[in-house]
Amino acid sequence: MVARLTYRRQCRYNTKSNKQRILKTPGGKLTYQAVTKSSKGPKCGDCGKTLIGLPRLRAKEYRRLKNREKRVSRAYGGSRCAGCVRSRIVRAFLIEEQKCVKQVLAEKLSQAKEQSGGSKKKGKK
């Protein structure tokens with residue numbers, strides 16, 4: 001027959017926060033060992049995917065980590081995934097390019113106005 005086990009903490013119900021695993025002690029007895037909850041891990045702020053290269057810890061345990069363990073060595077390392085960072089960089093580059101193109105077109109238009117405006121004669125009103 002299997003030995004009956006009793007909870008070692010005060011909560012006596014099989015709840016999410018009171019999960020236990022059976023452990024055999026060196027003396028041969030079976031006892032309960034409390035299992036901590038596993039977290040879902042850090043997610044990307046833009047797309048919601050889980051971030052790779054970061055440990056999946058509870059919020060309290062992140063405080064004990066060093067800064068290099070909390071982030072990846074990249075811009076937006078611990079908060080955005082690589083795909084979102086790439087799209088941000090590309091978007092910023094395209095916006096800057098668009099500004100340059102607008103400026104060049106405006107210069108061409110102003111030069112065209114100067115050339116056409118100088119050659120025309122004004123008539124009587």
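A residue counts as buried under 20% relative accessible area, as exposed over 50%, and as partly exposed in between. So aspartate 46, at 41% relative accessibility, is partly exposed. Keep that residue in mind while looking around this predicted model.

Let's start with the salt bridges. The count comes to three, and here they are:

| Pair | Closest N to O distance |
|---|---|
| Arginine 88 and aspartate 46 | 3.2 Å |

Which residues end up in one network? Asp46, Arg80 and Arg88 do, joined by salt bridges that share partners.

Now for where these partners sit. Aspartate 46 is in the loop between β2 (30-34) and α1 (59-62), while arginine 80 is in the loop between α2 and α3, so their bridge links distant parts of the chain, 34 residues apart. Arginine 88 lies in helix α3, so its pairing with aspartate 46 ties together parts that are 42 residues apart in sequence. The two arginines also get their own labels: arginine 80 is buried, with a relative accessible area of 19%, and arginine 88 is partly exposed at 25%.

The remaining pair stays within helix α3: glutamate 96 and lysine 99 are three residues apart there, which means about one helical turn separates them. Glutamate 96 is partly exposed, at 44% relative accessibility.

One more stop is tyrosine 76, found in the loop between α2 (67-70) and α3 (82-119). Most residues other than glycine have a negative phi. Tyrosine 76, though not a glycine, has a positive phi of about 55°. Its relative accessibility is 44%, so tyrosine 76 counts as partly exposed.

Methods
Residues numbered from 1 in each chain as written. Predicted model: local features only at pLDDT ≥ 70, side-chain atom pairs only at ≥ 80, totals over all residues. Heavy atoms only, no water. Helix = DSSP H or I, 4+ residues; strand = E, 2+ residues; numbered from the N terminus. Buried < 20%, exposed > 50% of the residue type's maximum accessible area, 1.4 Å probe, protein only. Salt bridge = Lys/Arg side-chain N within 4 Å of Asp/Glu carboxyl O.
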